[in-house]
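Subject: Structure handover

Hello,

Here is the structure you asked about, with my notes below it. Please keep the 3D view open while you read.

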Amino acid sequence: MSSETEELSGMDSVPGPQKESFNWKNFLRSNATQLGMILVFFGLWLFFILSAPETFLSPQIYYAFMATTPLFAIMALPLTMVIIAGEMDLSFPSIMAIGMVAFIFIFEPTGNVFLALLAALAAGVGAGLLNAGLVVGIGIPSLVATIGTQFFLRGLSLVLLQGQGATLIEARGSFIYNLLVGKIIGGIPNQFWWSIAIAILCWVILNRTRLGAHIYLIGDNQKSARLMGVNVNRTRLTVFIMMGLAAAFAGVLASLQVSFFWPSLGEGYLLSTLASVFLGGTSVFGGTGTILGTFLGSYIIGAINAGIVAIGLTGFWTELIYGLIIIISVSMHVVMQKRIK
Amino acid sequence: MEPTYRIELRNVSKNFGEVESLKNVDFKLGQNEVVGLLGDNGAGKSTLIKILTGYHQPTSGEIYIDGQRVESLTVPLARKLGIETVYQERALAELQTLWRNIFLGRELRTPYGLLNVKKMKSETNKLMLESMGFSSSAVNPDSTIETFSGGEKQGVAIVRALYFDAEIIILDEPTMGLSLKETRKLLDFVRHIKDVGKSAVFIDHNIFHVYSVADRVVVLDRGQIAGEFNTDAISLDDLMEKMYHVAETGSLD
């Protein structure tokens, strides 16, 4: 053991001034990933403007970008907490659909959008409870359990609606509709504001509550957390419920936006959501990750999506590129982690 | 009147499936007493410790803290009752910052219920300077534990146990992996616990360490208490002789 470790514990007091000043160097060092991502974001933007100026200098693409990106950003944010906690949830695309099935079941007979929204959110909580029951209660690894519920909930949605879609035209113009997917400020879709509000909420939960502190701890070292009295199972349960709630909410936004519900709702969101989280620097092994990183990650993914189409590449490219982003960002993280050790 | 003990276990047994880890153990920790727990690997030391800290619940038997029967002792309850533990495993979260580890499971909050990050960081800074002896500028409350050496990590685990004004401190194999100098410091620290009127349970493989700091030594063997000795009534040589005897025959006589 080296000499600087000789000061173990003990009662000897080392006098020293206590200074609490803002340190720019430390700030830059500890936020290097996020700052790098902001650079990447603007770099990409510049690249897209140069490659397709007529598209990227007109406002339409930005409105489209601000309407579609939030749909997976809203799910990527709580998924970040799930992954930091050392778990995984692959069932969220199907939770989007099962939430909307509950929505339709209430909306069609009553015409009440507010009650229908509550039903959707309740279904999301129920789906989260189902996942937590399998993972925490029975003890199935979450990766496997949520592949199971992904298919189960998708199948349930198809069975309940006999594979049929449903129109949501009647919901248009209602207060909830305007609140969720209307345009209140300067033509910017409200989905965008929702993604910001949920990002702030998730940031507060993760960084300023005991729940958030425990999410980091159980993902880092579950045994230590248990030894020090952290209620590990309650924390795991909570992250799955938050994930279910957010997925159901995103499902409502996605469906109201197009005024129609397809039981296949959610397919296609798996990759972009996961890519946002991993691009944002969250460790696939749990214990580290940030909300800001995921938020930036999802808007970069959204920009890439818009860019690919605008440059004239086909949609086939998006899957290839998202897959590549997941592989590269996770590999980079693992390599960097190894270098520290 | 019978004296009240800080902790008393009456007839405690613990089974893990078919394995009987502890069999009808009676254990007492007095006021301002340091009890050393000795025993071979698998004797049940760690199980006994984890019952005291609320991590394991006994299969049968009773737990009393300060004379009060405690029905189900959990880790948060034990910590609330003033029992802090320095675990063999250290119980640190290595990817997290120093301040998060100091307040692990006991995060400070503002009156609004949100984390008081500023206070936790400044308290950590104070602890670093006053108790941990970290004076290098490379270490700050935002440093992650994975960058620390073994001795520094042990220092964090000990300072954490002290911060919360523990009345009873349990040290599970605290000298493991420490250098000679660090070990001496640790033993001084255990004596200090006694000087300030607190109680401690000290577990170690090394009989010299235990003998030099404990008031009383409890010898565990195969899940049962094989014997108890006051260190001022037995010589180190005699104690070692008895330990060998216990290890070979399972009984003291």
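In chain B, strand β6 (residues 83-86) and strand β7 (residues 168-172) run parallel and are joined by four bridges. One of the pairs to look for is Val86(B), whose bridge partner in β7(B) is Leu171(B). On to the next strand: β7(B) is also joined to strand β8 (residues 199-203) of chain B, again in parallel, by five bridges. There Leu171(B) has Phe202(B) in β8(B) as its bridge partner.

For chain A the mean pLDDT is 88, and 91% of the residues reach 70 or more. Confidence in chain A is highest in helix α6 (residues 113-138), with a mean of 98, and lowest in helix α1 (residues 24-30), with a mean of 70. Over residues 1-20 of chain A the pLDDT is below 50, and this stretch has 41 contacts in the model beyond near neighbours in sequence. Where pLDDT is low, the predicted coordinates should not be read in detail.

Chain A has 15 helices and four strands. Its C-alpha trace spans about 75 × 55 × 35 Å along the principal axes. A compact globule of 341 residues would have a radius of gyration near 20 Å, and the 22 Å of chain A agrees with that. Of these 341 residues, 48% count as buried. Among contacts in chain A with a separation of 6 or more, 77% are between residues 24 or more positions apart.

Chain B has eight helices and 10 strands. Its C-alpha atoms fill a box of roughly 55 × 40 × 40 Å along the principal axes. For 253 residues a compact globule would have a radius of gyration near 18 Å, and chain B, at 19 Å, agrees. Buried residues make up 45% of the 253. Of the contacts in chain B between residues at least 6 apart in sequence, 66% join residues at least 24 apart.

Next, the nonpolar core. The largest one has 166 residues, and those with the most contacts inside it are Met96(A), Phe103(A), Ala120(A), Ala246(A) and Phe202(B). Helix α12 (residues 232-258) of chain A gives the largest share of this core, 14 residues. Which residues does Ala120(A) touch, leaving aside neighbours within four places in sequence? Ala120(A) is in contact with Gly99(A), Met100(A), Ala102(A), Phe103(A), Ala248(A), Gly251(A) and Val252(A). Phe202(B), also listed for the core, is the residue paired with Leu171(B) above.

A helix to look at in chain A is α14 (residues 291-311). This helix has 21 residues and reaches 30 Å from its first C-alpha to its last, close to the 30 Å expected at 1.5 Å a residue. Of its 21 residues, 16 are buried, which leaves α14(A) mostly covered. Gly312(A) follows the helix and has a positive phi, near 105°.

Back in chain B, strand β1 (residues 7-16) has two antiparallel partners to trace. With strand β2 (residues 19-29) β1(B) pairs over seven bridges, and Lys14(B) has Leu22(B) in β2(B) as its bridge partner. Two residues lie between the strands of this hairpin, where Gly17(B) takes a positive phi near 60°. With strand β4 (residues 60-65) β1(B) pairs over five bridges, and Arg10(B) stands opposite Glu62(B).

Finally, two backbone angles. Most residues other than glycine have a negative phi. Asn24(B), in strand β2 of chain B, has a positive phi near 45°. With 14 C-beta neighbours inside 10 Å, Asn24(B) counts as partly exposed. Gln162(A) has a positive phi of about 55° and is not a glycine either. Gln162(A) is in the loop between α7 (142-160) and β1 (166-167) of chain A, and is exposed, with 7 other C-beta atoms within 10 Å.

Regards

Technical notes
Residues are numbered from 1 along each chain as its sequence is written. Chains are lettered from A and ligands numbered from 1 in the order in which they are written. This is a predicted model: local features need pLDDT of at least 70, side-chain atom pairs count only at pLDDT 80 or more; totals for chains, interfaces and linings use all residues. pLDDT is the predictor's confidence in each residue, from 0 to 100. Two residues are in contact if their C-beta atoms, placed from the backbone, lie within 7 Å. The radius of gyration is taken over C-alpha atoms; the globule rule is 2.2 Å times the number of residues to the power 0.38. A residue is buried if 20 or more other C-beta atoms lie within 10 Å of its own, exposed if 12 or fewer, and partly exposed in between; C-beta atoms are placed from the backbone. A nonpolar core is a set of buried Ala, Val, Leu, Ile, Met, Phe, Trp, Tyr and Cys residues joined through C-beta atoms within 7 Å. Two strands pair if DSSP finds at least two bridges between them. The expected span of a helix is 1.5 Å times one less than its number of residues.
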